[in-house]
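Dear colleague,

I am handing over the structure we spoke about, and I would be grateful if you could look through it with the notes below beside you.

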Amino acid sequence: MSIKDNLSVIRKNIKTACEKTGRNPDEVLVLAVTKTRSADEINEAISLGITDIGENRVQELMSKYDDVDKNVRWHIIGHLQSNKVKYIADKVSMIHSVESLKLATEIDRQCEKIGKVMDILIEVNSGEENKDGVNPDEVFSLIENIIALKHVRIRGLMTMAPLGAPENVLREVFSALKKLSVDISNKKYDNVSMEYLSMGMSDDYAIAVEEGSTVIRPGRSLFNV
Ligand SMILES: *Cc1c(COP(=O)(O)O)cnc(C)c1O
């Protein structure tokens, strides 16, 4: 199928998942994951209404940046090394993979230089085989440390569910992230919001939406044509 057809399947599945759970489909952002995709493919997706794209490698983002339509927001969704932040601070709208005070501090430092406040999500670890992300019980202290930084703003949480996990496990992972976001909201931290729950990829986004995702990150299901 074409990118266009794939996108309409994704939008239809979001709608169905929202109808099941009484949610408004407009609350769910489709963040197109563009790793390994060419600038032409990305521009086609943008012409079809994609407003946000995600890359997980700094180098790959840099290599495509100039060829991609300027009318789009870039997100970093993969593990980010502190020493690479300086290359992307001016280019990206949101960093989904903040998992340490060290990284947040470097984002803050680079954004201060360019007079910008970066939106960030805290990546929460949801499975043993994936090393990325902080453990759920460490999220509160990480947030409490990051709050002091003036050039980053915490806007929510991100997770990757264990690949190929059965549906009941996926539901548990996604509902646990949703619950954690509610617990964090209830703390009423200054300048912290939990409006973005970045969860759900090609194989599991419908379940993620049923469990409260507000940002899904499909790659293969959008671009495999
Ligand atoms: C690759 C990737 C995705 C997209 O995965 P698909 O299975 O292709 O949908 C989503 N999120 C992250 C963090 C990724 O690295």
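At 61% relative accessibility, Asp-190 counts as exposed, where exposed means over 50% relative accessible area, buried under 20%, and partly exposed in between, computed with a 1.4 Å probe and protein chains only. Before going further, please keep in mind that this is a predicted model, in which local features need pLDDT of at least 70 and side-chain atom pairs count only at pLDDT 80 or more, while totals for chains, interfaces and linings use all residues. Residues are numbered from 1 along each chain as its sequence is written, and side-chain values use heavy atoms, with hydrogens and water left out.

Asp-190 lies in the loop between helix 7 and strand 7, where helices (H or I, at least four residues) and strands (E, at least two) are DSSP runs numbered from the N terminus. Asp-190 and Lys-84 are separated by 106 residues in sequence, and their C-alpha atoms are 28 Å apart in space. The loop between helix 7 and strand 7 (196-198) also holds Lys-188, which has a positive phi of about 50° although it is not a glycine. Lys-188 is exposed, with a relative accessible area of 67%. Asn-191, found in the loop between helix 7 and strand 7 as well, has a positive phi of about 65° and is likewise not a glycine. The relative accessible area of Asn-191 is 57%, so this residue is exposed.

Turning to the helices, helix 6 (residues 139-146) packs with helix 7 (residues 167-186) at an angle of about 45°, and their axes are 11 Å apart. The axes here are lines fitted to C-alpha atoms, for helices over the stretch in contact, and the angles run from 0 to 180 degrees between N-to-C directions. That angle makes helix 6 oblique to helix 7, since angles under 35 degrees count as roughly parallel, over 145 as roughly antiparallel, 65 to 115 as roughly perpendicular and the rest as oblique. From helix 6, the contact is made by Val-139, Phe-140 and Ile-143, and from helix 7 by Leu-180, Asp-183 and Ile-184, with contact meaning heavy atoms within 4.5 Å.

Arg-23 lies in the loop between helix 1 (3-21) and strand 1 (29-33), and with a relative accessible area of 16% Arg-23 is buried. The side chains of Arg-23 and Glu-27 are joined by a polar contact of 3.1 Å; a polar contact is a pair of N or O atoms within 3.5 Å, of which, within protein, one must be able to donate a hydrogen and the other to accept it, and residues adjacent in sequence count only if both atoms are side-chain atoms. The side chain of Arg-23 also reaches the backbone oxygen of Ser-213, at 2.8 Å. Leaving aside neighbours within four places in sequence, the residues in contact with Arg-23 include Cys-18, Val-28, Val-209 and Thr-214.

Glu-55, for its part, has its place in strand 2 (residues 52-55) and is buried, with a relative accessible area of 0%. A polar contact of 2.7 Å joins the side chain of Glu-55 to that of Lys-64. Not counting residues up to four places away in sequence, Glu-55 touches a number of others, among them Thr-34, Ile-42, Leu-61, Trp-74 and Ile-77.

Tyr-87, whose place is in helix 4, counts as partly exposed at 40% relative accessibility. Tyr-87 touches Val-58 and Met-62, not counting residues up to four places away in sequence, and the C-alpha atoms of Tyr-87 and Gln-110, 23 residues apart along the chain, are separated by 9.3 Å. Asp-90 lies in the loop between helix 4 (85-88) and strand 4 (92-98), and at 48% relative accessibility Asp-90 counts as partly exposed. The side chains of Asp-90 and Lys-91 are joined by a polar contact of 3.4 Å. Asp-90 is in contact with Ile-114 and Lys-116, its neighbours within four places in sequence being left aside, and its C-alpha atom is separated by 9.6 Å from that of Gly-115, 25 residues apart along the chain.

With kind regards
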